[in-house]
Amino acid sequence: MAGPVTTERRGKIAVIVVDNPPVNALSQAVRQGLDEAVAAAQAEDGVQALVVAGAGRTFIAGADIREFGKPPQPPALPEVINRIEAGAKPVIVALHGTALGGGLEVALGCHYRVALPGARVGLPEVSLGLIPGAGGTQRTPRLIGAAQAVELITSGRHVGAEEALALGLVDEIAEEDDPVAAGVAFAETVLAEGRPVRRSGEAEDKIAADRGNATLFADARKALETKARGLFSPFKCVDAVEAAVTLPFAEGLKRERALFLECMDSPQRAGLIHAFFAEREVRKIPEAKAEPREIAAVGVIGGGTMGAGIAVALMTAGLPVVLVERDAESLARGRANVEGILDGGVKRGKMTAEARDALLASKLTGALDYEALAEVDLAIEAVFEDMAVKKQVFTQLDAALKPDAILASNTSYLDVDEIAAVTARPQDVIGLHFFSPAHVMRLLEVVAAAKTAPEVVAGGFALAKRLGKVAVRAGVCDGFIGNRILSVYRRQADIMVEDGASPYAIDAALLDFGFAMGPYAVADLAGLDIGWANRKRLAPTRDPKERYVEIADRICERGWFGQKTGRGFYLYPEGARRGEPDPEVEAIIAEARAKKGIAPRDFTAEEIVRRYLAAMINEGARVVAEGIALRPLDVDVTLLYGYGFPRWRGGPMKYADLRGLDRVLADVRAYQAEDPASWQPARLLVDLVEGGESFDSLNRV
Ligand code: 3HC
Ligand code: NAI
């Protein structure tokens, strides 16, 4: 059987093609094949130049990430690349699709680089908790200078062909649209002009000026302290580029290797790579094979916070939107909300004023009548979180929409089965739970109700893809995956506040753990009224034995709903975005403790984090066991994309695996001993610990 690397002669040129679908990752077989093919072509009489190219949709997208964490198999990539570079006959590489990570490093080891017009290149290792480990940190500065190399490598961003040419990462943009043809044409020019073998590792001119420029690296590290808070590998990237400037090439490569291995061993690498695969695995759902319902035009009901954001997300993805409101005044406000979001984009330079006007003119229509929805393929309801209002809206949607249209609710907590039951077509009803702000947040919970048809679920996933969002499949329960888990860990945070921790200490501890924001700052941003309404809804069915913390209610009763009212848990003087601790809130808390006769005790940051995460993980286990989430990784993706969980920790379930499920269970049992009404170990957690298994074992089914 032919291996993944083949060679074909075109006269004086040997064409070496890497064919390892889907993305030509540098597996052991590819490394070995490439090594042997290059050596053979260099040795073969009659061959005067070599071309390396990728088959299929892309050049090489990097090292084979699935091999990470396993024992390394020779040949090692850096050595393969060093041998390519050392060759006596010129090696020309042709880039198409995405040349990323180890793929770009292979290209940098070749002597000439030609890119197809649509090609993108980059060194995204940092997003996997790594540094480029096959010469990328040493050859890149030699081609484009240290400052540009630091920016490229610490951001991990992809660069288009034009920019790559301007930077000096590639030599030419091809006119051909076939990589082999482009490589061969370039090789013929090299031979015709007698151009010499030109090795990146020997280039000195771009880094000569950076020698002794210590401020360049000091500044880069300083900038990372805020940009890459809590992360390990970005700083190692800077160390490696600095080594390229200060050490001879061979020494620099050794330093890069050592730094790469340090990153490889870090738990951050494990967390980030889990996140990378989880984000892809999450698309594997029972409905994956169903033909998604076509969605070309959308209706949005309600133009408030969520409806407006959803409309903007749809419009910017090219979908025409009919916005339906209850009266002319609300419609005008809804339209103003949409315009306000787009204006923000113009102010931040993300969009021109002309583009905003064109989008509003071509993609947004307002209506007060459901007849305007006759032609839409999907209607997304984002009206008040009130079952009676939702039922009324769905009855009208059922009457107005064409057959096979999808009827979706953006409800945060309510029962989608109950909503579906008011229609004559429950198979077409689904939950599409966007997160606020809906035009920014990447998570979309696709809630499959009991009767939802597979093509409708598949349609939700296809929509998410079109909007550039990450879809997670959820089942029906109060709060689905994310908000259900949130209610439980938020409750534990409130209990800790009542027992003695200040909300500010809790936020600080979780920020330190790596969350984008603490729960109380988030609550202030989202608006405390939403949770208050939900607590009132649940009050009649609440278990009287359950410990109920009233502090947030006392705050809401004063009309303090968070940032939008200038105060909530924090004070926001003169519209400040960052809140300040509020002594009056501390007094409310003290009063609440006194009322229940609680003597406040101290909580260390570590205790806060442990308790908060134990609650999150324990409820995550229940959500998986009940089939609300398909796998633990679905919980991880939900928390990563919707709730600011630090990506480098992989998500709560991955974090639990890394910490050890037995330790998490021991925590839950200890808290249960203190407060049996609030804590009960999830059966699944107990079973996994008893069976010596991890959450990850359930991801691989
Ligand atoms: N190794 C192994 N599998 C990979 C992979 C890689 N480097 N890159 C992608 N895949 C797999 C995906 O898991 C997916 O598998 P699945 O179909 O079973 O789910 C399949 O390839 C297709 O990937 P996508 O769904 O992501 O396809 P897209 O077309 O949306 O994106 C891509 C393609 C831009 C190449 C994207 O996959 C990507 O960004 N890949 C990772 C690139 C990367 O980070 N490279 C650096 C690796 S680290 C390195 O090189 C170390 C070196 O310095 C030593
Ligand atoms: P909002 O109060 O800002 O907006 C609701 C809008 O619906 C108002 O503009 C109102 O005029 C309109 N409306 C009410 N009844 C209507 C009817 N019968 N027909 C047409 N329009 C009607 O509320 P928000 O925050 O946008 O929430 C909407 C929904 O989204 C709720 O179900 C909420 O639970 C959910 N949600 C809210 C999130 C948030 O952070 N605000 C996050 C995710 C979901």
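Counting disulfides, where a disulfide is a pair of cysteine sulfur atoms within 2.5 Å, gives a total of zero. Cys237 takes part in no disulfide, since the nearest cysteine sulfur, that of Cys263, is 6.8 Å away. Cys237 is also buried, with a relative accessible area of 1%, and Cys263 counts as buried at 0%; here buried means under 20% relative accessible area, computed with a 1.4 Å probe and protein chains only.

This is a predicted model, in which local features need pLDDT of at least 70 and side-chain atom pairs count only at pLDDT 80 or more, while totals for chains, interfaces and linings use all residues. Residues are numbered from 1 along each chain as its sequence is written, chains are lettered from A and ligands numbered from 1 in the order in which they are written, and side-chain values use heavy atoms, with hydrogens and water left out.

Turning to ligand 2, we find 25 residues around it, and the closest are Glu325, Arg326, Glu385, Lys390 and Ser412, where a residue is near if one of its heavy atoms lies within 4 Å. A polar side-chain atom of Arg326 lies 2.7 Å from an oxygen atom of ligand 2, and an N or O atom in the side chain of Ser412 is likewise 2.7 Å from an oxygen atom of this ligand. From Thr305, a backbone N or O atom lies 3.0 Å from a ligand 2 oxygen atom.

Key: A polar contact is a pair of N or O atoms within 3.5 Å; within protein, one must be able to donate a hydrogen and the other to accept it, and residues adjacent in sequence count only if both atoms are side-chain atoms. Buried means under 20% relative accessible area, exposed over 50%, partly exposed in between (1.4 Å probe, protein chains only).
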